[in-house]
Amino acid sequence: MQATQGQHCGIIAKGLVKRFGRIVAVDNLSLNVEPGSVVGFLGHNGAGKTTSMRMICGVLPPSEGSIQVGGHDLQTHRDRAARIVGYLPEGSPLYPEMRVVEYLRFRSRLYALPNPGGAISRAVDRCGLTDVVNRPIGHLSRGYRQRVGLAAAILHDPSVLVLDEPTSGLDPLQVIEVRQLIEELSADRTILLSTHVLQEVEAICDRVILLARGRLVAEGDLPSLRRESGMEDASLEDLFVALTAKAFSEEGAVS
Amino acid sequence: MKTCSAIASRDFRAFFLFPSGYVVIALFLLGNSIVFMGDVFIQGEPATMRSIFDFDVVLLLFLCPAITMRSVCEERRLGTLELISASPANAASFVVGKFLSSLASLVVILLPTLFLVVLLELYGQPDYGEIASGYLGLLLVGSMYLGSGILASVISGSQTIAYLLSVFFFVLLSLGREALPAWAGPDAWSLMKPFDPFLRMQDFTIGLIDSSNVLFFLLVTSWFLLASIAVLESERRS
């Protein structure tokens with residue numbers, strides 16, 4: 001079934017491969033993000049998280065495999081899929097010279113929203129930007145810039161949010177603020193979230209997808225991952241290290 | 001269309017939010033004023049803008065790439081190109097939006113020179129048909145420079161390289177006109193002559209609007225824009 005804006009949508013990726021020359025950044029990755037769930041995308045630096053997220057958002061085409069978002073195939077219906085996905089890239093890229101409201105207005109025109117004023121005021125309210133709405137983005141703190149990125153990502157009321165390290169580089173207070181915001185947004189959306197902060201995963205995510213060297217290492221909710229690994233009392237850090245090390249050693253044994 | 005105009009209006013505003021925009025306008029006006037006072041505004045001389053238009057064809061060659069060098073390079077540097085790629089905007093609306101904003105900036109740059117036309121009117125009897133033809137020529141040749149600048153900005157990673165690529169291309173063309181006959185005989189350039197934009201511009205400055213010249217500039221500009229779209233699309237698909 002194909003979804004439209006406002007409906008719960010899932011993400012289905014099958015056999016994703018992304019090659020950059022000889023380097024294989026993502027290797028035969030298949031994943032199924034259920035509608036309405038919050039899934040944590042974990043992995044060491046260079047594991048292929050950002051590349052996978054870019055493919056899911058239609059920024060990068062996969063070398064092999066297929067992606068469906070809300071029932072829309074990205075290869076054939078990229079435009080429709082783009083309207084139900086909100087994307088926050090790593091570092092929240094923005095135009096520093098624009099005012100917050102100008103930037104949101106620009107984004108609403110990019111998505112050809114029928115009621116841009118209403119969409120902007122809802123996003124501003126939800127992301128707590130009322131006080132800074134007329135300030136240039138370049139003058140805002142990192143936390144506020146992240147909020148502006150999130151406001152832009154939810155402006156068109158997407159059913160799926162893809163957030164690439166949304167709390168990276170923020171101070172502890174800002175981390176808590178952005179985390180609370182993501183928790184609020186997760187009430188009516190499917191969220192795929194990459195992070196290095198494992199407490200964040202425990203606090204927000206229903207399920208975890210663990211990548212290592214572009215391959216899927218483990219997938220599931222935390223209790224079942226702990227059970228399957230025989231580490232029922234282990235912290236998430238220990239579980240993450242053990243699963244990654246196991247994947248590396250198996251890969252070494254194979255090669 | 002809406003996405004195209006969103007990109008165009010954002011870029012147009014951004015051009016005037018940075019000092020570089022005002023520097024381009026100031027340099028253009030300064031150059032024009034110097035030529036006007038030294039070559040046009042002389043007692044007994046005909047009230048014509050020909051010298052200004054001849055000078056502007058060369059000046060725009062250096063100023064138009066300064067307008068476009070930021071266009072795509074800066075989006076890449078900031079990471080905002082990734083956001084646009086994830087939006088429903090396609091490569092065509094992105095490139096056309098960038099071009100329209102650059103063209104609007106060029107019109108703003110040219111507008112103050114109308115003051116020189118007013119001066120001509122006050123002290124002489126200018127031929128408005130010739131002046132209109134000259135401005136049309138400047139817009140067409142400027143569009144071609146802007147198109148090449150956008151392509152240079154798409155294919156290069158830095159603003160400096162984008163600027164140099166665009167300028168170097170036309171400087172090479174101009175040098176070829178001078179050097180080819182000397183190196184390869186007088187017939188060598190005649191083969192290249194139909195592709196010489198500077199020669200085609202000369203018709204506009206004397207008030208001659210030849211449809212083949214108009215078509216030439218429109219086609220060359222379109223080619224640069226289509227090539228930019230093709231490069232961006234290939235990035236999205238490979």
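**A close look at the sheet**

Author: Happy to! In this predicted model, strand S3 (residues 38-43) of chain A runs parallel to strand S9 (residues 207-212) of chain A, and the two pair over five bridges. For one of the residues involved, Phe41(A), the bridge partner in S9(A) is Ile209(A).

Now let us step back to the whole sheet. S3 and S9 belong to an open sheet of six strands in chain A, with the order S6-S7-S8-S3-S9-S10 and mixed pairing. At the edges stand S6 and strand S10 (215-220) of chain A; each has a single partner strand, so one side of each is left without a neighbour in the sheet. From one strand to the next, the twist averages 15°.

Next, the contact between the chains. Here 19 residues of chain A are in contact with 19 residues of chain B. On the side of chain A that touches chain B, the elements giving two or more residues are helix H2 (78-84), strand S6 (85-88) and helix H3 (100-110) of chain A. By class, this side of chain A has 13 nonpolar, two polar and four charged residues.

One last stop is Leu173(A), in helix H6 (residues 172-185) of chain A. Is Leu173(A) buried or exposed? Leu173(A) has 9 other C-beta atoms within 10 Å, and because 12 or fewer counts as exposed, Leu173(A) is exposed. Between Leu173(A) and Gly143(A), 30 residues apart in sequence, the C-alpha to C-alpha distance is 8.9 Å.

Key:
Residues are numbered from 1 along each chain as its sequence is written. Chains are lettered from A and ligands numbered from 1 in the order in which they are written. This is a predicted model: local features need pLDDT of at least 70, side-chain atom pairs count only at pLDDT 80 or more; totals for chains, interfaces and linings use all residues. Two residues are in contact if their C-beta atoms, placed from the backbone, lie within 7 Å. Helices (H or I, at least four residues) and strands (E, at least two) are DSSP runs, numbered from the N terminus. Ala, Val, Leu, Ile, Met, Phe, Trp, Tyr, Cys and Pro count as nonpolar, Asp, Glu, Lys and Arg as charged, and the others, Gly among them, as polar. A residue is buried if 20 or more other C-beta atoms lie within 10 Å of its own, exposed if 12 or fewer, and partly exposed in between; C-beta atoms are placed from the backbone. Two strands pair if DSSP finds at least two bridges between them. Axes are lines fitted to C-alpha atoms, for helices over the stretch in contact, and angles run from 0 to 180 degrees between N-to-C directions.
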